[in-house]
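Good morning, and thank you for coming. Please look at the sequence and the structure as they come up on the screen.

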Amino acid sequence: ENSNSIFNKLKIYSLAISYDFGKRATLSLGRKLNSKLSSMGSNDGLQFELKFKPISIGIIAGFRPNYTDYGITSSLFQVGTYLYNEYAGKKGFMQTTIAFINQTNSGKTDRRFLYFQHVNSLVKNLTLFGSLEVDLYGKKFDSTNKIFTTTTNPVLTNLYVSLTYRLMRRLGISFSYSNRQNVIYYETYKSYLDRLINNPTMQGYSLQVSYNPVNNLSIGATAAYRFETPDPRPTKNIYAYLTYSQIPGIKTSATLSVMRLETSYVNGKIYSAGLSKDLASGK
């Protein structure tokens, strides 16, 4: 890669211009992350959405950011379309996205997948978020002939579900589960593809509790457990924090935290303290 690229030092995650054609359509040009496709990442190009309440139809066309420095790369073209449904009721809301995405590298298929995302708060005090990705394009390695053959069998590569429940106004608890494989871009990783075909599955669980005993004071803790099939030692971590916002007199927020981390290659604790303050009335 070009070591003189400006993107080795500068990382731009969002920079786009959007225009609304009344209430019916929206066009965006530039680098933008689409919240309806939250795990897909940024797109350099255009995004167009046409709204027919409660259904919206969207189109994405452009380029994936460079995988080494997040710069602009014209060889990584991608195109996709999605359907989005939004429902707002008296007790909550529901949002659902179904998408088909085709990603290429120099004109050749790199990855092709279906994407599903759902957010639901129709049950009082309970919020559900879920997303999954099903890859529709793959390659199988023939060890005898040392060649790859194309496959179209659907493979679940990413599943994430989280539940957040507010026990009372000041106390909330959330649980999440993830089941994912490292996504393979078959043209991008072509030079060492034979080492990636046997792709292990990583699974993880997380439990989080947050509590606001008094105004401006927050206390929370998170416990996480992740494991991979060939790894004999799972990853465990516990994180706890205390945050006080708007300290009287100086109008500054302070956070203290501690993390205990245990993985297959490191054990340790991380202690941290932070201060934050708005300048010019938050402007």
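This is a predicted model: local features need pLDDT of at least 70, side-chain atom pairs count only at pLDDT 80 or more; totals for chains, interfaces and linings use all residues.

Leu83 counts as partly exposed, because its relative accessibility is 47%, which falls between the limits of 20% for buried and 50% for exposed. The residue sits in strand β5, which covers residues 77–88.

Lys53 and Pro54 are joined by a cis peptide bond, with omega at about 5 degrees. Pro54 is placed in the loop between β3 and β4, the latter being residues 55–63. As a general point, most peptide bonds are trans, and most residues other than glycine have a negative phi.

Asn125 is not a glycine, yet its phi is positive, at about 70 degrees. It lies in the loop between β7 (108–120) and β8 (126–135). Asn125 is partly exposed because its relative accessible area is 38%. Asn216 likewise has a positive phi, near 75 degrees. The loop that holds Asn216 runs between β13 (201–211) and β14 (217–228). With a relative accessibility of 37%, Asn216 counts as partly exposed.

Let me now turn to the chain as a whole. How many helices and strands are in the protein chain? There are zero helices and 17 strands. The C-alpha trace spans about 70 × 55 × 45 Å along its principal axes. Of the 283 residues, 31% are buried.

Next, the spaces within the model. The largest pocket holds about 380 Å³. Its lining consists of 18 residues, and those nearest its centre are Met40, Gly41, Arg64, Gln103 and Tyr185. By class, eight of the lining residues are nonpolar, seven polar and three charged.

A search of the whole structure also finds one cavity of 30 Å³ or more, and the space in the largest cavity is about 30 Å³. Which element gives the largest share of its lining? That is strand β3, residues 42–52, with three residues. The cavity lining has three nonpolar residues, six polar and one charged.

Thank you for your attention.

Note on methods: Residues are numbered from 1 along each chain as its sequence is written. Side-chain values use heavy atoms; hydrogens and water are left out. On a 1 Å grid over the protein atoms alone, a cavity is a set of points where a 1.4 Å probe fits but cannot get out, and a pocket is an open set with protein on both sides within 12 Å along at least five of seven lines; lining residues have an atom within 4 Å of a point. Grid points are joined across faces, edges and corners, and a volume is the space filled by probe spheres set on the points. Helices (H or I, at least four residues) and strands (E, at least two) are DSSP runs, numbered from the N terminus. Ala, Val, Leu, Ile, Met, Phe, Trp, Tyr, Cys and Pro count as nonpolar, Asp, Glu, Lys and Arg as charged, and the others, Gly among them, as polar. Buried means under 20% relative accessible area, exposed over 50%, partly exposed in between (1.4 Å probe, protein chains only).
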